[in-house]
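Please read these notes with the model open beside you.

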Amino acid sequence: MNEKRTSYVTSKIEDALLDLMREKAISEITISELVNKADVARVSFYRNFTSIYEVLDNIVNNLFGNFLDRIVLLNKTNDEKEWRDFIFDYVYNIYSNRDIFQDVLSVNISIVFSLLLDKRKLIQKKLPDDSISDKYGLFAKLSLINGVIISWLENDGDDSPEDLVNYIMNFVLI
């Protein structure tokens, strides 16, 4: 199958999942519902994915992939500007996709951020483990950042992204 067609089918499945997630928790969505909503054949689904959670993982990778790579590079620095730039970009990525996060993922938000934290196994392989700080510091920071963002989204993003970044920065360089 050509790459353009595969991309089209994958996109339809991802969009359909986001639409269904507006209505219910991901655990309640069936593959039959998903392929019907996407208007694709079941075989097309299985040609591209093994489960509904893999579709969600793909969406999360599309939204956050480069941030996970960037945070690994930040692990060994306490450079305030680099951390501020990272957090600013991260928050603005979520802010610019807030319709997805607030409307679509409101019921499923903890699953999405849990998927992000599950990526720690991939990140862990790239990190030194010379000290307790090396082993856990980055994940503590990522958990803090994500926890604040989840709370912010649950409060309808009332505070500005700039205020959120400034607040998070109080804790990141400790």
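This is a predicted model: local features need pLDDT of at least 70, side-chain atom pairs count only at pLDDT 80 or more; totals for chains, interfaces and linings use all residues.

1. Tyr 53 is partly exposed, at a relative accessible area of 41%. Buried means under 20% relative accessible area, exposed over 50%, and partly exposed in between (1.4 Å probe, protein chains only). Tyr 53 sits in helix H4, residues 52-74.

2. Residues are numbered from 1 along each chain as its sequence is written, and side-chain values use heavy atoms, with hydrogens and water left out.

3. The protein chain has 10 helices and zero strands. Helices (H or I, at least four residues) and strands (E, at least two) are DSSP runs, numbered from the N terminus. Of the 174 residues in the protein chain, 43% are buried.

4. Helix H5 (residues 80-96) and H10 cross at roughly 135°, and their axes come within 9 Å. Axes are lines fitted to C-alpha atoms, for helices over the stretch in contact, and angles run from 0 to 180 degrees between N-to-C directions. H5 and H10 are therefore oblique to each other. Angles under 35 degrees count as roughly parallel, over 145 as roughly antiparallel, 65 to 115 as roughly perpendicular and the rest as oblique.

5. Phe 171 lies in helix H10, residues 161-172. Phe 171 is partly exposed, with a relative accessible area of 34%.
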